[in-house]
Amino acid sequence: MTSHVFRKTCATILDEARFTPRQIADQFGHARPSLTQDVYVGRKVANPAAADALQEGLGT
């Protein structure tokens with residue numbers, strides 16, 4: 001495990017615990033919450049309803 005992977009994991013845990021982007025950025029020492037979100041916070045799971053609608057619309 002690298003330090004970057006650990007930081008990403010920590011940021012994602014804080015995000016899932018409903019900390020604000022500003023709070024997470026402050027914890028990481030970042031001036032911009034956008035940096036924290038772009039680099040460290042994991043992407044959310046895709047919307048299952050959107051996947052269902054696409055499958056239905058495409059007939060798959």
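I began with the rule: a salt bridge is a side-chain nitrogen of Lys or Arg within 4 Å of a carboxyl oxygen of Asp or Glu. By this rule I get a count of 1 salt bridge.

Before going on, a note on what I am looking at: this is a predicted model, where local features need pLDDT of at least 70, side-chain atom pairs count only at pLDDT 80 or more, and totals for chains, interfaces and linings use all residues. Residues are numbered from 1 along each chain as its sequence is written, and side-chain values use heavy atoms, with hydrogens and water left out.

**Entry: the salt bridge**

Which residue does D26 pair with? I found R22 as the partner, with the closest N and O atoms 2.9 Å apart. Both D26 and R22 sit in helix α2, 4 residues apart, which is about one turn of the helix. For helices I take DSSP runs (H or I, at least four residues; strands are E, at least two), numbered from the N terminus. My classes are buried under 20% relative accessible area, exposed over 50%, and partly exposed in between (1.4 Å probe, protein chains only).

**Entry: how α1 and α2 pack**

I turned next to the helix pair. α1 and helix α2 (residues 21-28) pack at an angle of about 150°, and their axes are 10 Å apart. The axes are lines fitted to C-alpha atoms, for helices over the stretch in contact, and angles run from 0 to 180 degrees between N-to-C directions. I therefore noted α1 and α2 as roughly antiparallel to each other. The cut-offs are under 35 degrees for roughly parallel, over 145 for roughly antiparallel, 65 to 115 for roughly perpendicular, and oblique for the rest.

**Entry: the loop between them**

R18 lies in the loop between α1 and α2. I read its phi as near 70°, a positive value in a residue other than glycine. For context, most residues other than glycine have a negative phi. Is R18 buried or exposed? R18 counts as exposed, at 76% relative accessibility. T20 is in the loop between α1 and α2 too, and at 38% relative accessibility T20 counts as partly exposed. I also checked T20 against L35: they are 15 residues apart in sequence and 13 Å apart in space, C-alpha to C-alpha.

**Entry: A51**

I found A51 in helix α4 (residues 48-58). A51 counts as partly exposed, with 39% relative accessibility. From A51 to F28 I get 23 residues in sequence and 34 Å in space, C-alpha to C-alpha.
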